Amino acid sequence: MVKLIPLKLQHKLTSVTGRFLQIGSQMSLKKLSTLVAAIAASGLLLLGQSAPALAAATWPAPAAAISFTFDDGFASVYTQAKPALAKYGLNGTSYVVTDCVGMTKTPNTCRADNDKPYMTWTQIKQLQASGWEIGSHSKTHPYLASSDADDGQPNVLTPAQVEQELSQSKAALAAQGINAMSFASPYGDYNNATLAKIAKYYQTHRGFADTNNNQWPFNDYLLNNFPVQEGVTVDQVKAKIDDAIANKRWLVLTFHNIATSPSTNPDDYEYSTAKLEQIAAYVKSKQSAGLIKNTLVKNGIVKGDTNMFANGGFESGISGGWSTDNTSVFKANNAGNGNATGPNKSVAVTAGPTTAHLYSPKVTVNSAQSYLIKSYLNVAAIKSGEIGYYIDEYDASGNWVSGQWKKAENAAFVEGINFSYTPSSTAVKQAQLQIYVTGNSGIKAFIDGFFMFALNGATPTPVTPTNLVANGTFDAGISGGWSTNSQSTITADQNNNGSPANPVNSVRLTSATQERHLFGPNVAVNSGKSYTIASYLSVKAITAGEIGYYIDEYDASGNWVSGQWKSGISTVGAKELSLQYSPSSTAVAYASLQIIVPANASLNAYIDHIRWYQN
């Protein structure tokens with residue numbers, strides 16, 4: 001049986017995310033899928049630069065890549081690792097602890113390891129001249145986010161001390177003619193607060209305990225890696241290389257000290273020169289076969305040389321074609337909360353009582369071309385809801401054609417928000433990015449560094465998700481598993497009141513003297529998965545109550561298990577709603593959408609284009 005939940009009893013709102021996006025008088029379609037097209041890239045460009053019409057993008061599509069990285073700046077990087085890789089035409093990235101440079105004797109006072117010698121500035125610059133990248137590993141190698149009294153750091157660094165570790169290391173490298181673009185946190189110790197500071201100075205950040213291969217288009221501020229020290233076999237590394245090739249991923253290997261006779265204790269973080277050579281030989285063979293590419297970390301992120309967004313770093317505030325429908329939610333910020341493209345200026349986001357939007361300038365697009373959009377996002381606080389990214393599409397005359405939901409963040413996180421975009425049809429001639437923040441979400445965030453550039457070369461194959469709901473466009477009327485307990489007030493409609501994507505057919509909702517319902521077909525669900533449920537709702541008139549969205553959950557035998565209230569709409573207008581749903585327990589095998597129609601509401605509304613996607 002279906003569990004009917006009267007609206008007046010639905011006071012415990014679970015996972016409420018009912019969202020809609022307003023573009024003038026035309027409502028945009030949001031969240032057409034949870035995985036629309038392969039997600040695109042990150043890369044740091046100079047704001048406001050002029051460039052050719054099409055950007056020469058690095059990594060325009062997923063491809064296998066490998067980076068050799070070496071932490072701390074040990075002398076062995078120059079004496080052992082450099083020649084071992086050079087033998088096979090390879091190079092790497094050396095993350096240097098700048099205060100330890102020149103400590104050539106042992107024991108010394110370097111906190112990274114006082115029993116090992118470190119490179120001199122001359123060696124570091126020669127390493128760079130040979131094709132290596134020099135990155136930062138901080139000034140003194142402290143724990144940036146925590147502490148360890150047994151390891152000589154009893155107190156957590158203050159924000160000012162973290163800033164010094166980052167800025168002074170970068171300055172020390174710059175003084176030697178080295179523009180460090182990459183950073184690796186000592187001990188892999190970081191949190192959102194330190195990531196936000198790292199992003200101000202560096203274009204990439206690599207952890208240490210984050211041990212997966214990186215999936216295109218990557219997150220510039222959290223690159224995964226595979227630590228390699230004694231105890232890790234060459235075959236294990238080869239397996240990671242093979243995985244990167246098979247799945248078109250970016251493998252970042254992390255080494256420390258390289259020695260001809262290394263310690264066998266993994267906690268000493270040493271590795272054999274001979275084994276490094278074996279790995280290098282294997283990479284060379286795969287690279288010669290065209291299966292993988294050796295890259296420096298700074299070159300591994302996806303970049304382009306054209307920014308199609310004017311004022312993408314908000315150096316001129318919210319101007320240059322950027323606009324907002326709520327100046328109290330989106331405000332220009334000059335307090336140093338941006339990223340390395342221009343850290344002083346950004347846009348501060350403080351959620352209000354209703355959903356608000358920031359709109360980019362409209363840009364000219366070609367339906368035969370794919371594009372990459374990237375940005376910096378720092379969600380410092382959030383209670384519910386999300387901050388999301390959506391593309392509105394227009395024809396040559398500026399008429400809205402369609403839209404694509406792209407990505408959203410519903411947790412506190414510092415990251416690069418990166419995705420690809422391909423126009424929906426040949427009718428699309430212009431596109432506009434909108435950033436939305438849901439109302440009453442408690443979101444406090446900063447956004448910066450918006451880039452859009454064309455992809456040359458191969459482009460990713462779009463992923464078309466499967467709609468798990470039959471007859472979601474109601475072209476077959478109320479059938480295909482859809483039903484109602486009020487055939488006189490919930491009726492099939494063929495008078496062009498539906499979604500702009502398919503307007504002819506929809507379902508009309510009118511109110512009766514009692515609450516009524518439209519029931520969706522049962523959808524097989526997995527308790528370990530999450531789902532997006534989207535719909536188009538056009539409310540012509542409503543005087544009381546709200547149209548409710550509710551999920552009924554059933555076990556494998558069809559018995560009702562539980563339910564989740566999702567959202568309620570009580571305002572006039574055309575809306576594209578998107579809801580997030582995760583089964584309540586492992587007992588849930590099926591779920592269905594229930595649309596609740598309020599009583600005595602003088603209601604005239606139309607619902608259409610129901611989509612249910614697995615995330």
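Two strands are said to pair if DSSP finds at least two bridges between them, and helices (H or I, at least four residues) and strands (E, at least two) are DSSP runs numbered from the N terminus.

The structure is a predicted model, in which local features need pLDDT of at least 70 and side-chain atom pairs count only at pLDDT 80 or more, while totals for chains, interfaces and linings use all residues. Residues are numbered from 1 along each chain as its sequence is written, and side-chain values use heavy atoms, with hydrogens and water left out.

View 1. The strands follow the order S15-S16-S24-S19-S22 and pair in antiparallel fashion. Strand S15 (330-333) and strand S22 (413-421) each have a single partner strand, so one side of each is left without a neighbour in the sheet. On average, and with direction ignored, neighbouring strands of this sheet are turned by 30 degrees against each other; axes here are lines fitted to C-alpha atoms, for helices over the stretch in contact, and angles run from 0 to 180 degrees between N-to-C directions.

**View 2. Strands S19 and S22 with helix H4.** Strand S19 (residues 371-381) and S22 run antiparallel and are joined by nine bridges, and Leu372 has Ser420 in S22 as its bridge partner. Helix H4 packs on the sheet, where it touches S19 and S22, and its direction makes about 60 degrees with that of S22; a contact means heavy atoms within 4.5 Å.

**View 3. A stacked tyrosine pair.** Tyr143 and Tyr187 form a stacked aromatic pair, with 3.9 Å centre to centre and 5 degrees between the planes. Rings of Phe, Tyr and Trp (its six-membered ring) pair if their centres lie within 6.5 Å, and planes under 30 degrees apart count as stacked, over 60 as edge-to-face and the rest as tilted. Tyr143 lies in the loop between strand S5 (133-136) and helix H3 (159-175), and Tyr187, 44 residues apart from it, in the loop between strand S6 (182-184) and helix H4 (192-201). Tyr143 is buried, with a relative accessible area of 11%, whereas Tyr187 is partly exposed at 30% (buried means under 20%, exposed over 50%, partly exposed in between, with a 1.4 Å probe and protein chains only).

**View 4. Lysine charges over aromatic rings.** The charged end of Lys82 sits over the ring of Tyr78, 5.8 Å from its centre, and that of Lys293 over the ring of Trp59, 5.4 Å from its centre. The criterion is that NZ of Lys or CZ of Arg is within 6 Å of the ring centre and within 35 degrees of the ring normal.
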